[in-house]
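I opened the model today and went through it one item at a time. These are my notes, in the order I looked things up.

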Amino acid sequence: MTERKPLGVSFESWIDRQIREATERGEFDDLPGAGKPIPGQGKPYDEMWWVKQKMRAENLSFPLPGTLALRREAEEARAEALGARTEAEARRIVEEMNDKIRDSYRTPLSGPPVVQPLIDVDEVAAQWRALRPVAGRKPAPAPAPAPTPEKRRKRSFLRWFGRR
């Protein structure tokens, strides 16, 4: 491949000849990914594809703005509290998260203006108790998940449309 293109030969025919000769020598036989589909084929082009691929390979996540990171941390704290071993531990986890939320009220965080409400400690404790069976009592069913904003929007639109 280090040879120079001879004079009077077009680039296309010169390159085609080199590819054909390399194929005949078997240099393309055991390439990684041979016989597999091309990754990302059929998806829209994303100019940040290489950054996302590197972050997935390194098991990293995109840094969130402060307000959104606090919201994610609150969701994780609620889930952690529901998985706690004792009710006291669940309450402690929620109280610590509420302290962080109160601190965010005093000092502004970066990111979109999102106000994270405090987590109701008694509600989480009741959910924690409902998930643990007590001798002689059947466990209560898990609470239904809150509707997504899209479903809420659709319902409010249908309510508005029904009034017309």
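**Overall.** I note at the start that this is a predicted model. I counted the secondary structure elements and found 6 helices and 0 strands in the chain. Read from the N terminus on, the elements run α-α-α-α-α-α. I then looked up burial: of the 164 residues of the chain, 15% count as buried.

**Confidence.** The average pLDDT of the chain is 81, and 78% of the residues score at least 70. Which helix has the lowest confidence, and which the highest? I found the lowest in α6 (residues 149–163), with a mean of 56, and the highest in α4, at 93. Where pLDDT is low, the predicted coordinates should not be read in detail.

**Helix α4.** I checked the length of α4, residues 87–106. With 20 residues at 1.5 Å a residue, the helix should span 28 Å; I find its end C-alpha atoms 29 Å apart, which agrees. I then listed its buried residues: A90, I93, V94, M97, N98, I101 and S104. They cover an arc of only 135° around the axis, so they sit on the same side of α4. On the other side of the helix I noted A88 and R106, which are exposed. What covers the buried residues? The cover includes α3 (66–82) and α5 (121–131).

**Helix α3.** I repeated the length check here. The 17 residues of α3 should span 24 Å at 1.5 Å a residue, and the end C-alpha atoms are 24 Å apart, which agrees. The buried residues I listed are T67, L70, A74, A77 and A81. Viewed down the axis, they fall within an arc of 75°, so they line one face of α3. Their packing partners are α4 and α5. The face turned away from this buried side carries E75 and A79, both exposed.

**Nonpolar core.** Next I looked at the largest nonpolar core, which has 14 residues; A81, V94, M97, I101 and I119 touch the most other members. The elements giving two or more residues to this core are α3, α4 and α5. Of these, α4 gives the most, with 5 residues. As background, I note that in soluble globular proteins nonpolar side chains tend to be buried together.

**I119.** I followed up one of the core residues. Not counting residues up to four places away in sequence, I119 touches A74, R78, V94, M97, N98, I101 and V124.

**E75.** I came back to E75, which lies in helix α3. At 54% relative accessibility, against a cut-off of over 50%, E75 counts as exposed. How far apart are E75 and I119? I get 44 residues in sequence and 9.5 Å in space, C-alpha to C-alpha.

**N59.** Last, I looked at a backbone angle. Phi of N59 is near 60°, a positive value in a residue other than glycine. Most residues other than glycine have a negative phi, which is why I recorded this one. Where in the chain is N59? I found N59 in the loop between α2 (49–57) and α3. With 71% relative accessibility, N59 counts as exposed.

Terms used. Residues are numbered from 1 along each chain as its sequence is written. This is a predicted model: local features need pLDDT of at least 70, side-chain atom pairs count only at pLDDT 80 or more; totals for chains, interfaces and linings use all residues. Side-chain values use heavy atoms; hydrogens and water are left out. Helices (H or I, at least four residues) and strands (E, at least two) are DSSP runs, numbered from the N terminus. The expected span of a helix is 1.5 Å times one less than its number of residues. Buried means under 20% relative accessible area, exposed over 50%, partly exposed in between (1.4 Å probe, protein chains only). The arc is that of the directions from the helix axis to the C-beta atoms. Contact means heavy atoms within 4.5 Å. A nonpolar core is a set of buried Ala, Val, Leu, Ile, Met, Phe, Trp, Tyr and Cys residues joined through side-chain atoms within 4.5 Å. pLDDT is the predictor's confidence in each residue, from 0 to 100.
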